Amino acid sequence: MNKEDYERLLNPHAVEMKPSGIRKFFDIAQQVDGVISLGVGEPDFKTPWKIRQTAIESLQKGHTCYTANAGMAELRQEISIYLKNTVHTYYHPNNEILVTVGGSEAIDLAVRAIVSAGDEVLIVEPSFVCYSPIVSMMGGIPVPIETKVEDEFRVTANELRDKITDRTKLLILPFPNNPTGAIMRREDLQEIADVLKGTDISVISDEIYSELTYSGSHCSIVEIDNMRERTVLINGFSKSFAMTGWRLGFAAAPKEIMQHMLKLHQYSIMSSPTTSQYAAITALRDCTADIKKMKSEYNMRRRLVVDGFNKLGLTCFTPQGAFYVFPSIKSTGLTSDEFCERLVYSKKVAVVPGNAFGASGEGYIRVSYAYSVTHLKEALKRIGEFLEELKLEKGAQNETDEDSCKCKA
């Protein structure tokens, strides 16, 4: 079969889908020796020992069978308690909570349960790379809502209102935000709720970074009056408990939505990893202190990196959540792709171009500070050297241009 034959065979949505911009630079970093990679959003902490110990004990006891499709009843009960304590909202563990393979599966299930062909889905950007492709695979139409640094990368009621049409079905609200580190305050969420009042628009609230909020406490849109009934809340264990490889997340939603997400989960996954579920019970019961310790360390790194970029002349919004900074590189005259490619090959520092998170991310780069202080300081040093070389290069080019003009004169 030739290329054209395969293209006829495959789903056009899959063929048109672009590879993740995050993985592209992660792969480049792996091919270059000595690279400091600040590109992947993965905690550098080990999963707390209590969690690992519980997993080991579950294996020793032979707990290796399938669990209930929705997840272990004991874990769903703990998730219900956790949500009551953190977002002050009750979800029934029997029919309103689903344990998933990471937060990513939860997002996928929610989109597939809600979106039909031709539906418009409002996606706050810059944002995580998976939303638009999942919507497109369902035949939905991704509609970006651009957030701006002057608004602290928050989505405003006016911007939301301007994007709503009679075909709008869903709003994806990812806060604390990856890549910008922005958060939404209660008053911001109230304004969003006011806009949605009287519509049939549902919400997916991706709150995977909820525990990593540095300015006050996290507020969820489900805490706003009349929003629980139309919202699917997404969260998980990867970021807050340093459990990325355990692949465990969860969704909480009204039973009228959850019953259909559960059917999709039954057919595609069956159940989430049993060992990970036992570990997650211990995480929720016994590891609050570990979260606080890791958060404190991230907060220190956050201040270090923001200050470092601003001193280098790359204006950097101060993030209030997650573990990323999103400095502007517009002053260099390079595109986001050019900046990142030249940086990784010349100085062996890997970061992610801002346009990987939507067109509005052009002119920025995403830098994760979920790495050691030693790595962060060395990376900032190398980026500073890179910027100095760019200035010299630009100065030499200006001199060449001036000489050229004199000759023509």
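This tour moves through a predicted model and names, at each stop, what to select and what is there.

**Stop 1**

Leu 9 belongs to helix α1, which covers residues 3-9. Is Leu 9 buried or exposed? Its relative accessible area is 58%, so Leu 9 counts as exposed, the cut-off for that word being over 50%.

Next, select Glu 16, which is found in helix α2 (residues 12-16). Glu 16 is likewise described as exposed, with a relative accessible area of 61%. Glu 16 and Pro 133 are 117 residues apart in sequence, and their C-alpha atoms are 9.4 Å apart in space.

**Stop 2**

Select residues 102-114, which make up helix α6, and residues 255-268, which make up helix α10. The axes of these helices come within 9 Å and cross at roughly 120°. The crossing in which α6 passes α10 is right-handed.

**Stop 1: salt bridges between separate parts**

The count of salt bridges in the model comes to 21.

- Select Glu 74 and Arg 285. Their side chains meet in a salt bridge, with 2.8 Å from N to O. Glu 74 lies in helix α5 (residues 73-86) and Arg 285 in helix α11 (residues 274-286), so this pair ties together parts that are 211 residues apart in sequence. Glu 74 is partly exposed at a relative accessible area of 37%, and Arg 285 is partly exposed at 43%.

- Select Arg 342 and Glu 393. The closest N and O atoms of this salt bridge are 2.6 Å apart. Because Arg 342 is in helix α13 (residues 336-346) and Glu 393 is in helix α14 (residues 373-408), the pair ties together parts that are 51 residues apart in sequence. Arg 342 is partly exposed, with a relative accessible area of 33%, and Glu 393 is partly exposed, with 41%.

- Select Glu 385 and Lys 347. These side chains also meet in a salt bridge, at 3.6 Å from N to O. Glu 385 lies in helix α14, while Lys 347 lies in the loop between α13 and β10 (349-350), so the pair ties together parts that are 38 residues apart in sequence. Glu 385 is partly exposed at 30% relative accessible area, whereas Lys 347 has 16% relative accessibility and counts as buried.

- Select Glu 152, Arg 154, Arg 185, Glu 187 and Asp 188. Salt bridges that share partners join these residues into one network.

**Stop 2: two cis peptide bonds**

Select Glu 125 and Pro 126 and display the backbone between them. The peptide bond from Glu 125 to Pro 126 is cis, with omega near 0°. Pro 126 has its place in the loop between β3 (120-125) and α7 (131-137).

Then select Phe 175 and Pro 176. The peptide bond that joins Phe 175 to Pro 176 is cis, and its omega is near -5°. Where is Pro 176? Pro 176 lies in the loop between β5 (168-174) and α9 (186-196).

**Stop 3: positive phi values**

Select Phe 153, located in the loop between β4 (141-146) and α8 (157-163). Phi of Phe 153 is near 55°, a positive value in a residue other than glycine. With a relative accessibility of 3%, Phe 153 counts as buried.

Finally, select Asn 226. This residue lies in the loop between β6 (202-206) and β7 (231-236). Phi of Asn 226 is near 70°, again a positive value in a residue other than glycine. Is Asn 226 buried or exposed? At 55% relative accessibility, Asn 226 counts as exposed.

Technical notes: Residues are numbered from 1 along each chain as its sequence is written. This is a predicted model: local features need pLDDT of at least 70, side-chain atom pairs count only at pLDDT 80 or more; totals for chains, interfaces and linings use all residues. Side-chain values use heavy atoms; hydrogens and water are left out. Helices (H or I, at least four residues) and strands (E, at least two) are DSSP runs, numbered from the N terminus. Buried means under 20% relative accessible area, exposed over 50%, partly exposed in between (1.4 Å probe, protein chains only). Axes are lines fitted to C-alpha atoms, for helices over the stretch in contact, and angles run from 0 to 180 degrees between N-to-C directions. A crossing is left-handed if the near helix is turned anticlockwise from the far one by less than a right angle, and right-handed if clockwise. A salt bridge is a side-chain nitrogen of Lys or Arg within 4 Å of a carboxyl oxygen of Asp or Glu.
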